[in-house]
Amino acid sequence: MTNPLRVLSTASCRLAAGVALAAMMILGLSWGQPIELVQAQSFAAVFQLNDGPGPWFRCSAGRGCVAAGTQSLAVVSPGSTIRFIGGSETETVHTTTSLLWPLKADSSDADNMPFDQAAAFRGAQSVTLHTAGLYVFVCKLHPFMLAAVIVDDGATEGLDLGEQIRLVNGLTVPTTSDLAARLLRAFFVITNPQNYQDHNPATNPGFTWQVNLPAVPVRVTGGLVIPLSALSIDTTLGGPFTPAFPGVGEVWVDTEYENTAGKKKPGTATAVDTTTWQVTKKAALPQINMNNPHNMWTDRDQKVIYQTQWFSNKLAVFDRETLKLLRNVNVGHAPAHVMTRVDTDQVHVSVNGDGHVIELSPLAGHVDRRIPVQFQGENPGHPHAHTMSFDGHTMVTPNSNTADSTRIDVLSGTIADKTPTGTLPIATGMMPDATKYYVSNYVDSTITCISIGAPSCKSGAGTVAVKTINLLANYNPVTGAVTGPIGGLPIQTPVSPHGKWVITANTLTATITIIDTATDELVAGLPCSAGCHGVNFGAKAGGGYYAYVSSKFSNDLLVVNPDPNGDGSAVDAAVVGRVVLVAGVGTFTDDTPTLNKGMGGQGVLAIPLPYLGWVQNLPQFWKDQLTPEQQQPIP
Ligand SMILES: [Cu+2]
């Protein structure tokens with residue numbers, strides 16, 4: 001894709017000069033101004049989409065770009081046109097979707113809002129903003145990619161955030177609300193890696209966490225003018241501590257934002273030994289410039305790591321012990337999640353930038369099938385975190401583009417059912433007996449329980465086919481009052497191997513929420529780190545499970561014991577350990593970490609796999625380390 005601004009600045013032909021002259025005349029500019037200013041006037045702000053981390057939408061040109069502790073913010077005047085370019089700085093497709101926008105005086109949507117595309121794209125998009133207030137744009141594939149634009153009416157005091165903002169799911173709140181404050185803070189944290197949480201005592205001995213928002217006056221609900229810096233963060237963090245009981249095997253975390261010396265693209269996969277809680281291995285795969293490792297799975301023998309590269313089109317396969325690269329397979333745009341099929345050990349990769357799941361042969365030697373998640377003629381689903389059933393016969397996908405979920409009959413490769421969900425469904429978890437599954441809806445902050453076959457979602461004393469569980473029922477978005485566990489912007493949401501709990505990582509609230517599958521109600525909440533993202537279960541030595549929880553804007557892994565007293569209820573769930581994901585002297589690695597060390601925690605994978613279907617296929621070496629109950633998680 002050609003950058004039109006570059007064309008204007010380099011073209012020497014008469015036509016280009018004529019265009020520039022016309023632009024100058026329209027804009028009333030004098031002859032004396034250099035050509036760069038004329039270019040900048042064409043678009044008030046140009047955001048370059050890139051593979052990050054931090055300013056994934058980088059304001060790269062235009063008078064609107066402001067340096068304000070983030071490179072992803074523009075301040076423009078009403079009537080300005082904003083340009084988004086997905087070009088040479090990214091290896092995959094994206095969307096530039098309005099996440100929130102201001103309302104007009106009559107409470108209708110700002111002009112040209114909502115703004116969206118039918119499918120992820122490469123190339124450029126433009127939108128003209130007339131109504132004063134705050135706009136935030138997001139990529140529906142990679143929802144940590146954010147751009148903010150403040151359209152400021154120069155006649156009023158302070159930068160206009162607007163009276164009210166509306167989220168893409170319809171939720172409307174005043175700009176003075178607690179939800180608006182949380183979203184603004186999150187924007188400044190997410191878009192600047194300097195603001196990520198450092199839990200490493202070697203580099204942050206005081207465990208401080210400071211996020212300074214600019215001291216500019218902003219105009220909010222009722223014409224109130226306050227300094228944006230009132231939302232700054234100045235607090236302390238928890239340091240590392242070790243669980244009292246060891247786990248079995250190891251746990252891998254995709255530290256997706258960690259930069260290393262030998263490659264340009266970010267991301268490593270980090271292994272922690274759960275008997276010593278030390279970081280033992282770190283794979284950067286510099287020989288393939290591994291790009292944003294996002295999610296992992298392993299084969300029956302637990303010998304290889306299947307590694308998706310979310311900002312490219314590749315699935316890497318490497319040896320779990322030696323970190324030797326085995327292959328790097330083209331699977332399509334923005335591969336997100338990977339799991340195996342227990343009956344064949346084939347590999348399924350969700351192709352997030354398209355509308356299907358790719359099925360590969362064991363060890364990913366070749367592509368066997370393309371399994372679509374939408375019917376012919378429908379917009380691509382953009383499936384993110386799919387889940388496979390215990391017998392390999394059922395797959396479910398959350399379709400982030402189409403606000404629905406697909407259930408696939410794997411043997412025939414056909415769609416068995418499609419169910420509407422909330423806005424931007426992103427991850428799934430399934431019961432070990434495949435009677436029901438759960439979909440996390442990112443923008444709605446809800447979980448949709450969907451039955452497979454007979455109604456199985458619990459509602460009071462009965463069962464229903466589909467149930468929506470509101471993770472923000474205990475939260476008042478205006479006042480910020482919290483009366484119980486809450487989860488805002490939920491992501492990964494696996495079901496425990498024995499089917500008792502759904503554990504969800506929530507990015508906005510930095511919380512872990514737990515749903516009891518016997519009631520399908522929220523029963524517990526735990527504190528998490530900034531950008532809480534990934535969850536997966538691993539076996540605890542001597543019986544039971546740990547839930548391992550990663551966080552994007554942090555360098556720690558939390559160890560959660562969902563049931564310390566062993567009574568089957570997660571009401572007493574507790575964080576029992578925190579591991580810093582930074583390489584130490586004893587860490588075996590294929591490259592040298594340089595920046596954002598241990599940051600970007602996303603996909604989590606415990607070895608050995610503890611889930612029904614996979615656990616029975618384990619080599620004897622691993623089975624010997626599990627209790628009879630762990631080897632047969634449900635009767
Ligand atoms: Cu994206």
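Where is D299 found? In this predicted model, D299 is found in the loop that connects β20 (293-298) and β21 (304-309). D299 is buried, yet it forms no salt bridge. The nearest side chain of opposite charge is that of R320, 6.8 Å away. A salt bridge would require a side-chain nitrogen of Lys or Arg within 4 Å of a carboxyl oxygen, so R320 does not qualify as a partner for D299. The side chain of D299 does reach the backbone nitrogen of V304, at 3.1 Å.

The copper ion has three protein donors: H94 through ND1, C139 through SG and H142 through ND1. These atoms lie 1.8 to 2.2 Å from the copper ion. Along the chain the donors follow the spacing H-x44-C-x2-H. H94 and C139 link distant parts of the chain, being 45 residues apart. H94 sits in the loop between β4 (80-86) and β5 (97-102). C139 sits in the loop between β7 (133-138) and β8 (146-151).

β5 is mostly covered, with six of its six residues buried. β5 and β7 run antiparallel and are joined by three bridges. Within this pair, S98 stands opposite F137 of β7. β5 also pairs with strand β10 (residues 164-167), again antiparallel and through three bridges. Here P102 has I165 of β10 as its bridge partner. β7 in turn is joined to β8 by six bridges, and these two strands run antiparallel. V138 stands opposite L146 of β8.

A further sheet is open and consists of three strands in the order β9-β13-β14, with mixed pairing. Its edge strands are β9 (159-160) and β14 (225-227), each of which pairs on one side only. Strand β13 (residues 217-219) and β14 run antiparallel, joined by three bridges. In this pairing, R219 stands opposite V225 of β14.

The backbone geometry was then considered. Most residues other than glycine have a negative phi, and most peptide bonds are trans. Several sites in the model depart from this pattern. The peptide bond from G52 to P53 is cis, with omega near 10 degrees. P53 has its place in the loop between β1 (45-49) and β2 (57-61). The peptide bond from M113 to P114 is also cis, with omega near -5 degrees. P114 is found in the loop between β5 and β6 (123-129).

N289 is not a glycine, but its phi is positive, at about 50 degrees. N289 lies in the loop between β19 (278-283) and β20. Its relative accessibility is 23%, so N289 counts as partly exposed. S445, likewise not a glycine, has a positive phi of about 55 degrees. The loop that holds S445 runs between β33 (436-441) and β34 (446-451). With a relative accessible area of 3%, S445 is buried.

Which residues does A541 touch, not counting those up to four places away in sequence? They are P246, G247 and V248. A541 itself lies in the loop between β41 (532-539) and β42 (545-551). It has a relative accessible area of 31% and is therefore partly exposed. A541 and T275 are 266 residues apart along the chain, but their C-alpha atoms are separated by 8.7 Å.

Note on methods:
Residues numbered from 1 in each chain as written. Predicted model: local features only at pLDDT ≥ 70, side-chain atom pairs only at ≥ 80, totals over all residues. Heavy atoms only, no water. Helix = DSSP H or I, 4+ residues; strand = E, 2+ residues; numbered from the N terminus. Buried < 20%, exposed > 50% of the residue type's maximum accessible area, 1.4 Å probe, protein only. Lys, Arg positive; Asp, Glu negative; His and termini not counted. Polar contact = N/O pair within 3.5 Å; in protein donor to acceptor, adjacent residues only side chain to side chain. Donors = N, O, S within 2.8 Å, 3.2 Å for Na, K, Ca; no water. Contact = heavy atoms within 4.5 Å. Pairing = 2+ DSSP bridges.
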